[in-house]
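Hi,

Here is the structure you asked about. Please open it first, then read the notes below.

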Amino acid sequence: GAGPGGRARGVELLRVMRTIDDRIVHELNTTIPTASFVGKIDAGQTCKELYQSLMDAHTSRERIIKNCIAQTSSVVKTLREEREKAQDDVALLKQLRKEQTKLKLMQSELNVEEVVNDRSWKVFNERCRIHYKPPKSQ
């Protein structure tokens, strides 16, 4: 039961969590040598660690978003049922609208997530494919 402004916190949290991707992309671009310059760093090890970091970041962000969606969906469902019983309750309608907006916002966050993740993996693959083979996805 977050009070007013509770959802802004969730979006804020996602923004902060997405900076992990920015950091990793930056690190990929600055520390992984291009094929022509393989020098002092163990690119394979670095790529492996960055791979793990990206996987973890993406998994935890997705979990947070999906939890929010599930919670908000059930709130919307409850409010809809209450609204059937009290059609002229204006406060209830307002609350329902608010929760529906929140739900849309969260669902659009999933799309943002996809874009962010794609960008990260693109850079990862460009930089790391010659150094590190990720385990096959289940």
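**Salt bridges**

E113 and R61 form a salt bridge, with their closest N and O atoms 2.7 Å apart. A salt bridge here is a side-chain nitrogen of Lys or Arg within 4 Å of a carboxyl oxygen of Asp or Glu. This one links distant parts of the chain: E113 sits in helix α3 and R61 in helix α2, 52 residues apart. Helices (H or I, at least four residues) and strands (E, at least two) are DSSP runs, numbered from the N terminus.

Before going further, note that this is a predicted model: local features need pLDDT of at least 70, side-chain atom pairs count only at pLDDT 80 or more, and totals for chains, interfaces and linings use all residues. Residues are numbered from 1 along each chain as its sequence is written, and side-chain values use heavy atoms, with hydrogens and water left out.

Are E113 and R61 buried or exposed? E113 is buried, at a relative accessible area of 4%. R61 is buried too, at 0%. Buried means under 20% relative accessible area, exposed means over 50%, and partly exposed is in between (1.4 Å probe, protein chains only).

The structure holds six salt bridges. Here are two more of them.

- K77 pairs with E81, the closest N and O atoms being 3.3 Å apart. Both lie in helix α2, four residues apart, about one turn of the helix. K77 is exposed, with a relative accessible area of 53%. E81 is partly exposed, at 40%.
- E126 pairs with K122 at 3.8 Å, N to O. These two are four residues apart in helix α3, about one helical turn. E126 is partly exposed at 47%, and K122 is exposed at 56%.

As background, side chains of opposite charge can pair when their charged atoms come close.

**Disulfide**

How many disulfides are there? The count is one. The rule is a pair of cysteine sulfur atoms within 2.5 Å. The bond joins C47 to C128, with an S to S distance of 2.0 Å. C47 lies in helix α2 (residues 43-85) and C128 in helix α3 (residues 90-128), so the bond ties together parts that are 81 residues apart in sequence. The link of C47 and C128 is left-handed, with -85° about the S-S bond.

C47 is buried, at 0% relative accessibility. C128 is buried as well, also at 0%. For C68, the relative accessible area is 8%, which counts as buried.

**Nonpolar cores**

A nonpolar core is a set of buried Ala, Val, Leu, Ile, Met, Phe, Trp, Tyr and Cys residues joined through side-chain atoms within 4.5 Å. The largest has 11 residues: I24, V25, L28, C47, L50, Y51, L54, V123, F124, C128 and Y132. Helices α1, α2 and α3 are the elements that give two or more residues to this core. The largest share, four residues, comes from α2. Apart from this core lies another, of 10 residues, among them L92, L96, L103 and M106.

What does L28 touch, leaving aside its neighbours within four places in sequence? L28 is in contact (heavy atoms within 4.5 Å) with L50, S120, V123, F124, R127 and C128.

In general, nonpolar side chains tend to be buried together in soluble globular proteins.

**One more residue in α3**

N125 is found in helix α3. N125 is partly exposed, at 38% relative accessibility. The C-alpha atoms of N125 and Y51 are separated by 9.9 Å, though the two are 74 residues apart along the chain.

**UniProt record**

The unreviewed UniProt entry lists residues 69-99 as "coiled-coil region". UniProt positions are given in the numbering used here, feature names are shortened, and annotations may be inferred rather than shown by experiment. In the model, residues 69-99 are 87% helix and 0% strand, and the end C-alpha atoms of the span lie 10 Å apart.

**Confidence**

pLDDT is the predictor's confidence in each residue, from 0 to 100. The chain averages 83, and 83% of the residues score at least 70. Where is confidence lowest in the chain? Helix α1 (residues 6-31) is lowest, at a mean of 73, and α2 is highest, at 92. Over residues 1-6 the pLDDT is below 50, and this stretch has one contact in the model beyond near neighbours in sequence.

Best wishes
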